[in-house]
Amino acid sequence: MSHGPRSGLAAVSSALLAMSRHLEVRDVLKTIVASARELLDAQYAALGVPDDHGGFAQFVVDGVSDEQWKAIGPLPRQHGILAAMLHEATPERLADVRTDPRFGGWPSAHPDLVDFLGLPIRDGDEVIGALFLANKLRPVGGHPPCPKPEGTCGFTQDDEELLGILAQHAAIALTNARLYERSRELTIAEERSRLAHELHDAVSQKLFSLRLTAQAATALVDRDPGRAKGELHQVATLAAEAADELRAAVVELRPAALEEDGLVATLRTQIQVLDRAHAARVTFAGHGVKALPAAQEEAMLRVAQEALHNALRHSAAEHVDVTLHRHGTATVLRVTDDGSGFDPRTVRRAGRHLGLVSMRDRANGTGGRLHVRSEPGKGTTIEMEVPGG
C-alpha cells in the first residue's frame, strides 16, 4: 500500500477504533467520512445513506466548509455515479469523474472533482450507503490534486483495497448505531406507555374522588355549612395532589437534555421540581463527576427516576437524598429514602412492582451493577455503579 506498514496499520487501527466509539448514527457517519479522507489523502470525502424515495436520508461530507455546503443547496438525488454505486453495488475508480458518461453536472457552488474513488457500503446483500473520495492530494498534503499521468486516477488499487476494508467496518459500525437508536426508541416508547398507565391510574383516581367530594359539598351547603366547609377543604387537598401527580409525570415525559446539560445538571433540575411538587424533602448532590458515554448517562437518569418514583409514591418517605459521585474508577448514583422499606428476600415478588427488574437491566446493559439495600420500616437505598466518569 502507499502507506508504510507501521504508519498505515496505526492509521487504520485509529480509524476503526474511532468508529466503534460512537453510538449515534450521525456521529458514526461523520467519523467514517473523516477517517476515509485522512487515510487516503483525499481533498474531499462524502457518505450518502439512501432513502426509499430516490434520494438520501443522510449525506455527510468532509473537506467542505459549512458555508460551501449551504451554498451547494439540496442533497443530491440517486443518479449518475452515486446511483451506480448504490444499485450496481460495484467500486468506481475514475481518472476524471467529469468525463464519465454518467456524470450529470453539479451546482455552481459545488467544488470541482477530478479523480474519484467510490465504494458501496453493504450489510449482507443490502447496500446501506455509498462512500466516495475525490481529488487525491500530494503526499505532503495541500489542496490541489496531485500531478498524475494523463488518463490515470490518482487513487491506486491499494487505495481501493484500503477503502474496502474501511467500508466493511463502516457497515458494522453503522448497523450497530442503527440498532442502538432503534433500541433507544423502543425504550422511550415503553417509558411513555408505563407513565401513561401510571398517570391514568393515579390522576383519574384523584379526579374521581375530587368529583364525589365536590358533589357531597354541594349537597351539604344549605343544610350543614360546617360539614360542607370540611368537604371543600378536602376538594382543595385532592386538587393539589392531582396537580402534583401531573407535574411529576410531565417531568418524566419531557426528554432529558442530557446532550446539552449533562447528567448532573439534568438530575439537579428534575429533583428541584420533584422537591417542589411533593411533600417529602428531595435533595441532590453531585461531586466531581465527569461526562459519561450517552448510554450510561441515560441509564443512570432512568434508574434515578424509577427509584425516585418508588420513594415518593410508594414508601411514604419524608426525605429522599440523591447523590452522584466518583468512587475510584467508577461513578456511583445513590438514591436513599427514609420510607417504609421492604424485605429484600421478597424482591422477586416485589421486583416488577418496584421497577427493580428494569433498573437492574439498565445497569447491566451499560456495564454497571445495581445494589438494593432495604429493611421494613428503615427505608431503602438504590445504588447504581458504572465504570468511568
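In what follows, Ala, Val, Leu, Ile, Met, Phe, Trp, Tyr, Cys and Pro count as nonpolar, Asp, Glu, Lys and Arg as charged, and the others, Gly among them, as polar. Please bear in mind that this is a predicted model.

The second largest pocket has a volume of about 560 Å³. Its lining is made up of 27 residues, and those closest to the centre are Pro-76, Leu-82, Trp-106, His-110 and Phe-132. Two or more lining residues come from each of strand S1 (42-50), strand S2 (56-62), helix H3 (66-72) and helix H4 (80-88). By class, the lining holds 21 nonpolar residues, five polar and one charged.

I now turn to the sheet. Five strands form an open sheet in the order S6-S7-S8-S10-S9, and the pairing is mixed. From one strand to the next, the twist averages 10°. Within this sheet, S8 and strand S10 (residues 380-387) are antiparallel and share eight bridges; Thr-336 faces Thr-381 in S10.

Two helices deserve mention here. Helix H8 (residues 294-313) lies across S6, S7, S8, S9 and S10, at about 10° to S8. Helix H10 (residues 356-365) also packs on the sheet, where H10 touches S9 and S10 and makes about 145° with the direction of S9.

Finally, where does Gly-341 lie? Gly-341 is in the loop between strand S8 (330-337) and helix H9 (347-350). Beyond its neighbours within four places in sequence, Gly-341 contacts Ser-374, Glu-375, Pro-376, Gly-377, Gly-379 and Thr-380.

Methods:
Residues numbered from 1 in each chain as written. Predicted model: local features only at pLDDT ≥ 70, side-chain atom pairs only at ≥ 80, totals over all residues. Heavy atoms only, no water. Helix = DSSP H or I, 4+ residues; strand = E, 2+ residues; numbered from the N terminus. Contact = heavy atoms within 4.5 Å. 1 Å grid on protein atoms, 1.4 Å probe; cavity = no way out; pocket = protein on both sides within 12 Å on 5 of 7 lines; lining within 4 Å. Points joined across faces, edges and corners; volume = space filled by probe spheres on them. Pairing = 2+ DSSP bridges. Axes fitted to C-alpha atoms, helices over the stretch in contact; angles between N-to-C directions.
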